[in-house]
Amino acid sequence: MTMQIADSVSLSAPDARARAHAAAARNNLRTEPKAVRIVIIALAVIFLTMFVVLPLALVFAQAFSRGVLAYLSALADPEALSAIKLTLVVAAISVGLNLVFGLVAAWAIAKFEFSGKTFLITLIDLPFSVSPVISGLVFVLLFGAQGYFGGWLRDHDIQILFAVPGIALATTFVTFPFVARALIPLMQEQGTQEEEAAISLGASGLQTFFRVTLPNIKWGVLYGVLLCNARAMGEFGAVSVVSGHIRGETNTMPLLVEILYNEYQFVAAFAIASLLAMLALITLIAKTVLENHLDEGHDASEH
């Protein structure tokens, strides 16, 4: 009995020392005077209020400046409804394409070693470093009337630019990295042990993916889809170049906001902008929830 007590004490001593060390480290992080901490927090709150909260409040204030009926009337306008519908359709197309590509690219990069892997990662990050306007111009050079494929498309009566396909292509390119970049580090951290075990037990590649890999990365997939969708709905530069600004046909919500504002239709412009702001707020809340799930999964894997 005495030996068991001694062993338990000796085993618990390192844990006690580790907890004491962690507490001391936390205390060391709080060595600043209270006045300094208050000033730093106040500056952060003021910055967020001026650059985030106040602009959002002004958007909603302007949208409802003439009452709820004027707000609803602006949203019920056929041109506004067309822009909302087009935005949702383009977002669905781009998110779907990037989801498939992101899963495939993350699977290849995280689970296999091959030549050109670094180059593939660089290509995935390319839209981050290229201006959206330049991205739109690339599609004009490819599919425009004087572009590389312009003549062939005209002969076969295929419309890419100034139509839904061109807008979807430009949006897909701009949102290209989000799903892949959300999944690559997650899948690299998880390793290949579970997949190898499933294959050794006779599972096929598809069975391994859907029953082992996908359940482990589901929160990462949702996180990447969420960011991709938010960017797709708010994209302006690339879409502005390829859309042609055909009213009621190729104007997405961000483009319509600009047009209405330039025409001094402020209530209608801010009404559409308030929809985008609400989508941003919903995205922020969902992003916070998904980050909590990802953190919980990371902590569970460590234990």
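**Glutamate 195 touches Trp107, Lys111, Thr208, Val212 and Thr213, leaving out residues up to four places away in sequence.** Contact here means heavy atoms within 4.5 Å. This is a predicted model, in which local features need pLDDT of at least 70 and side-chain atom pairs count only at pLDDT 80 or more, while totals for chains, interfaces and linings use all residues. Residues are numbered from 1 along each chain as its sequence is written, and side-chain values use heavy atoms, with hydrogens and water left out. Glutamate 195 belongs to helix 10, which covers residues 193-200; helices (H or I, at least four residues) and strands (E, at least two) are DSSP runs numbered from the N terminus. With a relative accessible area of 7%, glutamate 195 is buried, a word that stands for under 20% relative accessible area, whereas exposed is over 50% and partly exposed lies in between (1.4 Å probe, protein chains only).

**The whole protein, as a setting for the other views, has 14 helices and 0 strands.** Read from the N terminus on, the elements run α-α-α-α-α-α-α-α-α-α-α-α-α-α. Of the 303 residues in the protein, 32% are buried. Among contacts between residues at least 6 apart in sequence, 71% join residues at least 24 apart.

**The largest nonpolar core holds 18 residues, and those touching the most other members are Leu103, Ile124, Leu183, Ile184, Met187 and Ile217.** At least two residues of this core come from each of helix 4 (78-111), helix 9 (177-190) and helix 11 (205-234). Helix 9 gives the largest share, with 7 residues. Apart from this core lies another one, of 17 residues, which includes Ala80, Ala83, Ile84 and Ala273. A nonpolar core is a set of buried Ala, Val, Leu, Ile, Met, Phe, Trp, Tyr and Cys residues that are joined through side-chain atoms within 4.5 Å. In soluble globular proteins, nonpolar side chains tend to be buried together. When residues up to four places away in sequence are not counted, methionine 187 touches Ala106, Trp107, Ala110, Lys111, Thr213 and Ile217.

**Helix 9 and helix 11 cross at roughly 155°, and their axes come within 7 Å.** Axes are lines fitted to C-alpha atoms, for helices over the stretch in contact, and angles run from 0 to 180 degrees between N-to-C directions. The two helices, helix 9 and helix 11, are therefore roughly antiparallel to each other, in a scheme where angles under 35 degrees count as roughly parallel, over 145 as roughly antiparallel, 65 to 115 as roughly perpendicular and the rest as oblique. Helix 9 and helix 11 make a right-handed crossing. Helix 9 contributes Phe178, Val179, Ala182, Leu183, Leu186, Met187 and Gln190 to the contact, and helix 11 contributes residues including Thr213, Asn216, Ile217, Gly220 and Arg231. Sorted by class, the contact of helix 9 with helix 11 has 12 nonpolar, 5 polar and 1 charged residues. Ala, Val, Leu, Ile, Met, Phe, Trp, Tyr, Cys and Pro count as nonpolar, Asp, Glu, Lys and Arg as charged, and the others, Gly among them, as polar.

**Helix 6 (residues 132-143) packs with helix 8 (residues 164-174) at an angle of about 135°, their axes being 10 Å apart.** Helix 6 and helix 8 are therefore oblique to each other. From helix 6, Pro132, Ser135, Phe139 and Phe143 meet Leu169, Ala170, Phe173 and Val174 of helix 8. The residues of the contact of helix 6 with helix 8 divide into 7 nonpolar, 1 polar and no charged. In helix 8, the buried residues are Gly166, Ile167, Ala168, Ala170, Thr171, Thr172 and Val174. These buried residues of helix 8 pack against helix 4, helix 5 (117-129), helix 6, helix 9, helix 11 and helix 12 (237-243).

**Alanine 83 and threonine 252 are 169 residues apart in sequence, yet 4.5 Å apart in space, C-alpha to C-alpha.** Alanine 83 has its place in helix 4 and is buried, with a relative accessible area of 1%. Leaving aside its neighbours within four places in sequence, alanine 83 is in contact with Asn251, Thr252, Met253 and Leu256.

**Alanine 268 and alanine 74 lie 194 residues apart along the chain, while their C-alpha atoms are separated by 4.9 Å.** Alanine 268 is placed in helix 14 (residues 266-302), and at 15% relative accessibility alanine 268 counts as buried. Not counting residues up to four places away in sequence, alanine 268 touches Ala74 and Leu260.

How values were computed
A crossing is left-handed if the near helix is turned anticlockwise from the far one by less than a right angle, and right-handed if clockwise.
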